[in-house]
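Student: Could you take me through the biggest pocket of this protein and the part of the fold around it?

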Amino acid sequence: MAQKIKKGDKVVVLSGKDKGKTGEVTKVLTKDGKVVVSGVNVITRHKKPTQMDPQGGLERREAPLYASKVAIADPKDGKPTRVRFETAKDGNKVRVASRSGEKIDG
């Protein structure tokens, strides 16, 4: 089955504390059904000092969130849209934004 959300896609968060924020997908965890979005769902970890990092301190990074909580941003207006698949004339599958009908894949 082809994926509706891929690495590098612009997505909009639909629910949770970061609702409405947009970002780029940096990682897709297919087995867990999760995605990591840059600048969204940032968590803070307290790190003890080690020999590699003698300073220690706070580490901020993006945590994965469920793929169902994000939607592809429409290429035309940036609003969330569903994705459908169409077959191009050359026989390739192409992702299409349902809202505007624009092709998502180059």
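Tutor: Happy to! Lining the largest pocket are Lys4, Ile5, Ala67, Ser68, Val70, Ala71, Ile72, Thr81, Arg82 and Val83. A pocket here is an open set of points on a 1 Å grid over the protein atoms alone, where a 1.4 Å probe fits, with protein on both sides within 12 Å along at least five of seven lines; lining residues have an atom within 4 Å of a point. This is a predicted model, in which local features need pLDDT of at least 70 and side-chain atom pairs count only at pLDDT 80 or more, while totals for chains, interfaces and linings use all residues. Residues are numbered from 1 along each chain as its sequence is written, and side-chain values use heavy atoms, leaving out hydrogens and water.

The pocket's volume is about 150 Å³, meaning the space filled by probe spheres set on the points, which are joined across faces, edges and corners. Its lining has 6 nonpolar, 2 polar and 2 charged residues; Ala, Val, Leu, Ile, Met, Phe, Trp, Tyr, Cys and Pro count as nonpolar, Asp, Glu, Lys and Arg as charged, and the others, Gly among them, as polar.

Strand β7 (residues 70-73) gives the largest share of that lining, 3 residues. Strands are DSSP runs of E, at least two residues, numbered from the N terminus. β7 pairs with β1 (residues 10-13) in the antiparallel sense over 3 bridges, and two strands pair if DSSP finds at least two bridges between them. Within this pairing, Ala71 is the bridge partner of Val12.

Both strands belong to an open, antiparallel sheet of 6 strands, ordered β6-β3-β2-β1-β7-β8. β6 (65-66) and β8 (80-81) are at the edges with a single partner strand each, so one side of each has no neighbour in the sheet.

Methods:
Helix = DSSP H or I, 4+ residues; strand = E, 2+ residues; numbered from the N terminus.
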